[in-house]
Amino acid sequence: MSDPRLIDRMLETVERNIVPLTEQGVKIGNKVFGAAILRKSDLSLVIAGTNNETANPLWHGEIHTLKLLYEMPRAARPKPAECLFLSTHEPCSMCLSAITWAGYDNFTYLFSHEDSRDSFSIPHDLRILKQVFTLDAGGYAKTNEYWSCFDLMNLIAACNEGVQAGFTARVDALKRSYAEMSDIYQANKGDNEIPLK
Ligand SMILES: [Zn+2]
């Protein structure tokens, strides 16, 4: 998974496909979380999506992307085993289960649960893991019989220094974009009906 071509493509998918959707989503009161599905074979995009909790509190970025996937014609939908699942933020307990039930054997995320709490003021991922599942941060199995998950920052850290600097600069730019989108969500969240804001 530390193949620079794969990391480049995942960053590009966030930059070009997910962020534009999330920019629109936060304007109507949705959170900053997004996802995409890529084909393993050629890393082409199957579908990208973003959080749509103002329509339904279960439409987290990952689940809304899966919903849109199953609205595509069956012939256009690759099998989950043929796909990479990309999440901008480490999936919450609901989305961990959704990715599992949807049959994916992998996912990769850019921002961690701790980032969601500390940089994005969304503490619910860690709070639900603790309150419902009695798990501390990092307490779920990152590799199990269903899937393996990957932290994109760790994959970048495993690259040689030559390519690492370019990736880090792109992540820094993405952090700035997400900080701006998060500010819009946080400034307006009092007006929405999302149960866990
Ligand atoms: Zn979720």
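## Contact of α1 with α7

In this predicted model, helix α1 (residues 4-27) packs against helix α7 (residues 161-188), helices being DSSP runs of H or I with at least four residues, numbered from the N terminus. On the α1 side, the residues in contact (heavy atoms within 4.5 Å) include Ile7, Leu11, Ile18 and Val26, and among those they meet in α7 are Phe167, Leu174, Tyr178 and Ile184. The residues of this contact divide into 15 nonpolar, one polar and five charged, where Ala, Val, Leu, Ile, Met, Phe, Trp, Tyr, Cys and Pro count as nonpolar, Asp, Glu, Lys and Arg as charged, and the others, Gly among them, as polar.

The axes, which are lines fitted to C-alpha atoms over the stretch in contact, with angles running from 0 to 180 degrees between N-to-C directions, lie 11 Å apart at an angle of about 15°. The two helices α1 and α7 are therefore roughly parallel to each other, a term for angles under 35 degrees.

## Helix α5 and its cover

Within helix α5 (residues 124-133), His124, Asp125, Leu126 and Leu129 are buried, that is, under 20% relative accessible area with a 1.4 Å probe and protein chains only. The cover over these buried residues includes α3 and α4 (113-118). After α5 comes Thr134, which has a positive phi, near 55°.

## Thr100 in α3

Thr100 belongs to helix α3 (residues 93-101), and a polar atom of its side chain lies 2.6 Å from the backbone oxygen of Leu96. Leaving aside residues up to four places away in sequence, Thr100 touches Tyr146 and Trp147.

## Basis of the values

Residues are numbered from 1 along each chain as its sequence is written, and side-chain values use heavy atoms, with hydrogens and water left out. Because the model is predicted, local features need pLDDT of at least 70 and side-chain atom pairs count only at pLDDT 80 or more, whereas totals for chains, interfaces and linings use all residues.

Key:
Polar contact = N/O pair within 3.5 Å; in protein donor to acceptor, adjacent residues only side chain to side chain. Buried < 20%, exposed > 50% of the residue type's maximum accessible area, 1.4 Å probe, protein only. Parallel < 35°, antiparallel > 145°, perpendicular 65-115°, else oblique.
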